[in-house]
Amino acid sequence: MLDKYDRSVLNLLYQNGALTRKQLMDKLKMRLNSLVDSCNFLESERYILRTGTHQVRNVPLMLNPARFAVIGAEHTRDALICILLDPTGKSIARNSYPLAPSLGGAARLNLILEALQDFANSAGENEICAIGFADIGIVNSAAGDVVYSALVPEWENIAIQAVLEEKFHCMVKIIDRSGAASLEELRRDPGNSLLRNSLQLFAGNGIGASILQHGKYWGAEVPSSCQLGHTIAVPGGKKCHCGNCGCLETVAALPAILEAAKCRNFDEFAAEIAAGNPDAQQLLNTAAQALGIAVANVVTFTAITHVVIHSCLTELPGFMELLTETARSNVIYPFDRQVSFAVSTTGTFAGANGAAFYAQKEFFSIKQEV
């Protein structure tokens with residue numbers, strides 16, 4: 001068992017990289033004897049390693065990557081996307097496991113557990129210390145529970161953190177997909193002060209949102225929904241798969257756009273836009289305006305004025321311009337003058353990466369028992 005002094009050393013090495021014992025002593029409020037005992041113990045148990053053998057004294061110490069691998073898993077409607085990271089954030093392995101959209105409840109949970117076990121087996125000599133699980137829909141991160149998903153049948157009220165901890169015997173943290181991808185955005189650009197307090201909007205097969213406050217995931221300590229796609233955009237409009245009518249997803253999510261345009265996929269829709277199809281252009285404009293108004297409402301309510309858009313729709317000409325123009329013209333003064341926009345460049349593994357990053361930071365926090 002690691003005591004508070006051991007955990008302090010590990011956390012500092014995680015935050016700063018390799019440090020000598022003198023540097024550790026300068027940063028930690030520990031007596032010299034306690035630091036020496038901790039470092040000797042951590043070295044003997046292979047939690048930390050010396051970075052070189054040519055020095056006898058003041059050798060920089062580093063975390064042993066093989067002892068601290070973290071799995072990040074993103075649960076989507078049709079797949080479980082997994083990644084394995086070392087303490088520096090380097091990817092060790094990655095894989096994607098298909099899930100039938102119609103499969104729900106206990107059968108889906110069992111398939112997820114099988115997929116995670118298969119992926120964990122690929123870790124080789126790397127010891128898994130934590131798992132971050134980014135779930136579809138609404139979660140209660142503090143309790144570790146799945147609350148509800150409108151996209152997956154019978155996917156609600158599941159104590160998934162407890163289930164995963166029992167199976168894998170390591171720390172598990174639960175987060176929603178939007179929150180995980182937002183943290184990945186921050187991990188990729190930690191020096192960007194705007195990202196630390198930002199609204200992250202996701203428009204794809206569904207529409208979600210997340211907020212970063214002071215660099216932290218908004219839903220970490222309190223239940224959060226972030227189901228922006230299920231706020232009403234057209235009162236009395238088309239029925240949504242959530243059961244309500246006129247949700248934002250019925251006019252601005254990709255499946256709704258493709259269905260209305262009679263296109264099989266995004267590439268076909270993009271070709272229609274490029275060809276100047278007026279009906280396709282109107283659908284795109286409607287989506288951009290609806291999303292712009294949704295953003296304006298959130299910015300006005302929260303006063304968070306930096307907005308990051310995660311969507312393939314940003315690739316289409318005119319979409320971002322109309323979204324940002326609509327948002328600015330509907331945000332209350334003085335925030336209308338302060339609001340700024342950026343387009344995310346994170347890829348397919350953003351949610352899994354962010355979930356791993358979230359669990360990794362929690363694992364190395366000083367309060368965490370190991």
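Predicted model: local features only at pLDDT ≥ 70, side-chain atom pairs only at ≥ 80, totals over all residues.
Me: Which residues is Leu 284 in contact with, leaving aside its neighbours within four places in sequence?
Reply: Phe 269, Ile 273, Leu 313, Leu 316, Pro 317 and Phe 319. Contact means heavy atoms within 4.5 Å.

Me: Which helix does Leu 284 lie in?
Reply: Helix α10, residues 278-302. Helices are DSSP runs of H or I with at least four residues, strands are runs of E with at least two, and both are numbered from the N terminus.

Me: How many helices and strands are there in the protein?
Reply: 13 helices and 15 strands.

Me: What about Thr 326? Which helix is that in?
Reply: Thr 326 lies in α11, residues 319-330. Thr 326 is buried too, with a relative accessible area of 10%. Leaving aside neighbours within four places in sequence, Thr 326 is in contact with Gln 289, Gly 292 and Ile 293.

Me: And where does Ala 350 lie?
Reply: In helix α13, residues 350-363. Ala 350 counts as buried, at 7% relative accessibility. Not counting residues up to four places away in sequence, Ala 350 touches Ala 180, Ala 181 and Glu 184.

Me: Now the core. Which residues touch the most other members of the largest one?
Reply: Leu 10, Leu 24, Leu 80, Leu 116, Phe 133, Trp 155 and Ile 160, out of 75 residues in that nonpolar core. Another core lies apart from it, with 42 residues, among them Leu 201, Ala 287, Ala 288 and Leu 322. A nonpolar core is a set of buried Ala, Val, Leu, Ile, Met, Phe, Trp, Tyr and Cys residues joined through side-chain atoms within 4.5 Å.

Me: What is Leu 10 in contact with, leaving aside its neighbours within four places in sequence?
Reply: Leu 2, Leu 42, Tyr 47, Ile 48, Leu 63, Phe 68 and Phe 364.

Me: Switching to the backbone. Which peptide bond is cis?
Reply: The one from Tyr 333 to Pro 334, with omega near 5°. Pro 334 lies in the loop between α11 and α12 (335-338).

Me: What is phi like at Glu 154?
Reply: Near 55°, a positive value in a residue other than glycine. Glu 154 lies in the loop between β8 (145-148) and β9 (156-158). Glu 154 counts as exposed, at 66% relative accessibility.

Me: And Lys 262, what is phi there?
Reply: Positive, about 60°, although Lys 262 is not a glycine. Lys 262 lies in the loop between α8 (254-261) and α9 (266-274). Lys 262 is exposed, with a relative accessible area of 74%.

Me: Last one. What does the C-alpha trace span?
Reply: About 75 × 50 × 35 Å along its principal axes.

How values were computed
Residues numbered from 1 in each chain as written. Heavy atoms only, no water. Buried < 20%, exposed > 50% of the residue type's maximum accessible area, 1.4 Å probe, protein only.
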